[in-house]
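Please keep the sequence and the structure in view while reading.

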Amino acid sequence: MALWRVHVQLEDRPGRLGELATAVGAASCNIISLHVVGEPADDGSITDELLVKVPESADPATLVEAVENAGIPCTLLVRADATELSDPATTALALARMVAADPGSAPRAVATMLRARLVDPAAEDHGGHTHVIRVGAQQLRLGRAWPFTATELSRAAALLELATQLAMRAPARSGSPDRILLLRDGSQVRMRPVDPADAPLVAALHARCAPESRRSRFLSPTRQLAPGELEVLLGEASGSGRAVLAVTADGGSAVGIANLDGDGLGSVRAAVLVEDAWQGRGLGTALLRRIAEMAVEQGEAELTGVARPDDLGVTRLLRRAGLRPSAEIVDGEVRLRAPLPAPVA
């Protein structure tokens, strides 16, 4: 069975929904979900979106023909993904919770809600449908294979408004205030700039990490930090404001750290280390997103990173943080590069 997304213009009258279901069933297809995505037209019809299972042996055009023979206009037929079978209301609530925990995740949350992709404003348009939504002083460009409806965009605007309100209440990024981060499992950490006095916490974090985690961060599983590496982790080697630490709610233990190491030429190397017990909760993504924001604020144009050829976690982390990395293998290492957005005046 293949999953297809279908948009239909359904009249608001008794029995019409049953006629639609009958037509879909007559084509040997099965409706998995249905919800309203459009606003009423002049004749009172409403755009409904169906996810329909179509037999592999069947031609999807047969489904369209059966629906239109019932007098129901079909305006869209595109392939869908099995990951889209989640309930829209549940997804919206989960995304709102994600934005509440981290307002900076709003662009990615909006793209997820609209089943769209984030498009580089400077990129060439390769077809499909695009729409620009303003996020504060930034412009968010979204793209997908089918048109956006006013109903969908109003839902996205509500999510962005939530992020804007939360960002206005968040502590200032400069100076010392901590940022409380709510992780996906409901646990909380404090995210703050690293201080030289944090050296014992950072050294203990490194020692607690499993060899595989240390190998991913340092390309070496050694338990003991090499001379100078602790200073790099603390950001002392490249100046202040270049490292972020995540500590437990009581501040007694470091559970993650991210730092920048710049070359002074507009490119800065980013690295993240998260304690094994705290992985899989969204902490690494939040740390990387925060130092990417710092790099933009400091005028950097590009993030870089190094990984082993068998380590795909770094690339996934960059993408989850909203970046678009490219990669090449040099001397047995994967060199990653991710352009940063221009700072907002």
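Predicted model: local features only at pLDDT ≥ 70, side-chain atom pairs only at ≥ 80, totals over all residues.

Which residue in β15 stands opposite alanine 307? The residue is valine 334. This pair belongs to the antiparallel pairing of strand β13 (residues 302-307) with β15, which extends over six bridges.

**Overall make-up**

- The protein contains 10 helices and 15 strands.
- Of the 345 residues in the protein, 42% are buried.
- The accessible surface amounts to about 17,400 Å², and carbon and sulfur atoms account for 54% of that surface.
- When contacts between residues at least 6 apart in sequence are considered, 62% of them join residues at least 24 apart.

**The eight-stranded sheet**

- Eight strands form an open sheet with mixed pairing, in the order β8-β9-β10-β11-β12-β13-β15-β14.
- The edges are β8 (179-182) and β14; each has a single partner strand, so one side of each is left without a neighbour in the sheet.
- Neighbouring strands of this sheet are turned against each other by 25° on average, with direction ignored.
- Strand β14 (residues 326-330) pairs with strand β15 (residues 333-339) in the antiparallel sense, over five bridges.
- Within this pairing, alanine 327 has leucine 336 in β15 as its bridge partner.
- The hairpin of β14 and β15 has two residues between the strands, and aspartate 331 there takes a positive phi near 55°.
- Helix α9 (residues 283-297) lies across β8, β9 (188-193), β10 (243-248), β11 (254-262), β12 (267-274) and β13.
- The direction of α9 is at about 155° to β12.

**The four-stranded sheet**

- A further open sheet has four strands in the order β2-β3-β1-β4, and the pairing is antiparallel.
- At its edges stand β2 (30-36) and β4 (74-79); each has a single partner strand, so one side of each lacks a neighbour in the sheet.
- From one strand to the next, the twist averages 20°.
- β2 pairs with strand β3 (residues 46-54) in the antiparallel sense over six bridges.
- Histidine 35 stands opposite glutamate 49 in β3.
- Helix α2 packs on this sheet and touches β1 (2-10), β3 and β4, and its direction makes about 160° with that of β4.
- As a general rule, side chains in a regular strand alternate between the two faces of the sheet.

**The packing of α1 and α2**

- Helix α1 (residues 16-26) packs with helix α2 (residues 60-69) at an angle of about 145°, and their axes are 8 Å apart.
- The crossing of these helices, α1 and α2, is right-handed.
- Leu20, Ala23 and Val24 in α1 meet Leu63, Ala66 and Val67 in α2.
- By class, this contact of α1 with α2 has six nonpolar residues, no polar residues and no charged residues.

**Glutamate 231**

- Glutamate 231 is located in helix α8 (residues 229-233).
- Is glutamate 231 buried, exposed or partly exposed? Glutamate 231 counts as partly exposed because its relative accessibility is 35%, and that class lies between the buried limit of under 20% and the exposed limit of over 50%.
- Glutamate 231 and alanine 199 are 32 residues apart in sequence, and their C-alpha atoms are 8.2 Å apart in space.

Methods: Residues numbered from 1 in each chain as written. Heavy atoms only, no water. Axes fitted to C-alpha atoms, helices over the stretch in contact; angles between N-to-C directions. Left-handed = near helix turned anticlockwise from the far one by under 90°. Contact = heavy atoms within 4.5 Å. Nonpolar A, V, L, I, M, F, W, Y, C, P; charged D, E, K, R; others polar. Buried < 20%, exposed > 50% of the residue type's maximum accessible area, 1.4 Å probe, protein only. Areas by Shrake-Rupley, 256 points an atom, 1.4 Å probe, with all protein chains shown as cover. Pairing = 2+ DSSP bridges.
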